[in-house]
Amino acid sequence: MDELRARVDEIYRNDSRRVLATLIRLLGDFDLAEEAMHEAFAIALDRWRTEGVPHNPTAWLISAARFKYIDAARRQARFDAATSRVAEQLHPEPDDKQADAHEVLDDRLRLIFTCCHPALSSEAQLALTLREVCGLTTEAIAHAFLTRPSTIAQRIVRAKGKIRDARIPYQLPGLAELPSRLDTVLHAVYLLFNEGYLASAGPTLTRCDLSAEAIRLGRLLSDLMPEPEVWGLLALMLLHESRRAARTDAVGALVLLEAQDRALWNQSMIAEGAAFVQRALRSRRFGPFTLQAAIAAVHAEATDASRTDWRQIVGLYDVLLRADDSPVIALNRAVAIAMRDTPQAGLDAIDAILASGHLGDYHLAHAARADLCRRLGRVGEARAAYSRALSHTEQRAEREFLAGRLDALPDD
C-alpha cells in the first residue's frame with residue numbers, strides 16, 4: 001500500500017462518519033449521502049496524488065461530494081423537483097474551506113437525534129446509530145445484537161425508508177421534545193464511546209477518534225440539557241478515557257485494570273469526571289449512567305489496585321441493578337464480589353447468570369469465569385472457559401491476551 005492510500009485510509013477511518021453526517025444534512029438522504037461520500041474518497045485518491053492532501057481534508061471531501069451530487073443531478077435530462085431544490089441550495093465553492101466548521105461539528109449530534117427518532121423502534125434506533133454514526137459493519141452489529149446480519153440489514157433499510165417516507169427532519173428537536181428522547185440519545189452516545197473504548201474488531205484495542213467524538217457530543221448535550229444523567233454519562237466517559245494510556249503496553253497488548261500503571265492515568269480527566277459525578281449525585285435525580293460513573297470514580301480514587309474499595313463498589317452495583325437489571329451489570333457485580341469476598345463467591349454468581357440463559361455468547365463472561373477458575377486451581381474448567389471466550393471475540397488484542405492466558409495454564 002503506497003503512502004497516499006494509507007493516508008486516505010486513515011482519513012476514512014477517522015473522519016468518514018463526520019463527512020457522512022454533514023452530507024446527510026445537505027442532501028437529505030442516507031443512501032445518496034453514502035454514495036456521494038464514497039465517490040469523494042475515490043476522487044481524493046486521484047486528485048491528491050498530484051495536488052497533495054489539503055489542509056482540511058474533511059471540508060474538501062464534503063465539497064467534492066456536493067459537486068459530484070450536483071453534477072449528476074444537472075446531467076439528468078429530467079430530475080424531480082426535490083432534487084432540483086437541493087441542488088440549488090448547495091452552491092458549493094471549489095475549495096476546502098466551504099464546509100462551515102460549526103455546522104460540521106454539530107452534524108453528528110443531529111444524526112444521532114435523527115437515528116433515535118421515536119417513530120423508529122428501539123432496535124432500529126440502535127442499529128441505525130451503530131451503522132451510520134459509529135460506522136460498524138452489519139456483521140459487527142449483528143454480533144452485538146446476537147442475531148443474523150440479514151436481520152440487521154433489513155432493520156436498517158426499513159429505518160432509513162421510514163425516515164425518508166415520514167420526512168423526519170434532520171435537526172435537533174425543540175426543547176419540549178428533548179426530555180422524551182434523551183435516554184435513547186444518551187444510550188447512542190455511549191454506544192459510540194464503547195466502540196472507541198473497546199473496538200469490536202480490528203488490530204487495535206481502542207479507537208480514540210470515536211471515544212473523543214463521544215465525549216465532545218456529551219459536552220454538547222450537557223450544554224443543551226444540563227441534566228443529571230447527561231453529567232453522569234459525561235463523567236463515565238471521562239473516567240474510563242482517563243485510563244487509555246495505561247490499558248495497553250508498548251506493543252499494544254492488553255493490560256488489565258489491576259496491572260495498569262496508575263501514574264499514566266489522566267488526572268485532569270479524573271478530576272473533571274469526579275466533579276460531574278458529585279454534581280449528578282447531589283441532584284438526587286440520577287440514573288444508571290451516574291451510578292456507573294460513581295463506580296468508575298471509586299476505581300480512580302485508589303492509588304493502587306490493593307486499595308480499591310470493593311465493598312463500596314459492590315454496594316453501588318446493588319443499587320445499579322435495581323435501576324437496570326442488565327445481565328452485564330450482574331456480571332460486573334459478580335467480579336466485584338469475587339474481589340470483595342472470595343473467587344468462589346464470584347464464580348457462583350457468574351454460574352448463576354450463565355445458568356439463567358444470559359451471556360452465553362458474551363466473551364467477557366467466559367473470560368471472567370476462566371480467570372476465577374484459574375485462581376481456584378480448576379485448570380480444566382479454566383481452559384474450557386478461555387477457549388469459549390476466544391471463540392466469541394474477533395478483537396485482536398483481546399484474542400492475544402486470552403490465548404496468552406490459555407497457554408500459561410499448567411497441565412491438568
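Mentor: One term before we start. Buried means under 20% relative accessible area, exposed means over 50%, and partly exposed is in between. Also keep in mind that this is a predicted model.

Trainee: What does R7 pair with in a salt bridge?
Mentor: With E10. The closest N and O atoms of the two are 3.4 Å apart.

Trainee: Where are E10 and R7 in the fold?
Mentor: Both lie in helix 1, which covers residues 3-27. They are 3 residues apart, about one turn of the helix.

Trainee: And why does E10 count as partly exposed?
Mentor: Because its relative accessibility is 33%.

Trainee: How many salt bridges does the structure hold?
Mentor: There are 29.

Trainee: Are R18 and E213 buried or exposed?
Mentor: Buried, both of them.

Trainee: What about R25? Which residue forms a salt bridge with it?
Mentor: D107 does. Their closest N and O atoms are 2.6 Å apart. D107 lies in helix 5, residues 101-115, and R25 lies in helix 1, so the pair ties together parts that are 82 residues apart in sequence.

Trainee: How do D107 and R25 come out on accessibility, buried or partly exposed?
Mentor: One of each. D107 counts as buried, at 0% relative accessibility. R25 is partly exposed, with a relative accessible area of 25%.

Trainee: Switching topic. How many aromatic pairs are there?
Mentor: The count comes to 5. Take W48 and W60. Their ring centres are 5.2 Å apart and their planes are at 65°, so the pair is edge-to-face.

Trainee: Which helices hold W48 and W60?
Mentor: W48 lies in helix 2, residues 30-51, and W60 in helix 3, residues 57-75. So the pair ties together parts that are 12 residues apart in sequence. W48 and W60 are both buried.

Trainee: What does Y190 form an aromatic pair with?
Mentor: F289. That pair is edge-to-face, with 5.4 Å centre to centre and 75° between the planes. Y190 is in helix 9, residues 178-197, while F289 is in helix 13, residues 288-301. The two are 99 residues apart, and the pair links distant parts of the chain.

Trainee: Why do Y190 and F289 count as buried?
Mentor: Y190 counts as buried because its relative accessibility is 12%. F289 is buried too, with a relative accessible area of 12%. The limit is under 20%.

Trainee: Which residues do ring pairs link into a cluster?
Mentor: Y190, F193, Y197 and F289.

Trainee: Y197 again. Which charged end sits over the ring of Y197?
Mentor: That of R247, 3.7 Å from the ring centre.

Trainee: And what sits over the ring of W265?
Mentor: The charged end of R243, 5.8 Å from the centre of that ring.

Definitions and conventions
Residues are numbered from 1 along each chain as its sequence is written. This is a predicted model: local features need pLDDT of at least 70, side-chain atom pairs count only at pLDDT 80 or more; totals for chains, interfaces and linings use all residues. Side-chain values use heavy atoms; hydrogens and water are left out. A salt bridge is a side-chain nitrogen of Lys or Arg within 4 Å of a carboxyl oxygen of Asp or Glu. Helices (H or I, at least four residues) and strands (E, at least two) are DSSP runs, numbered from the N terminus. Buried means under 20% relative accessible area, exposed over 50%, partly exposed in between (1.4 Å probe, protein chains only). Rings of Phe, Tyr and Trp (its six-membered ring) pair if their centres lie within 6.5 Å; planes under 30 degrees apart count as stacked, over 60 as edge-to-face and the rest as tilted. A charge sits over a ring if NZ of Lys or CZ of Arg is within 6 Å of the ring centre and within 35 degrees of the ring normal.
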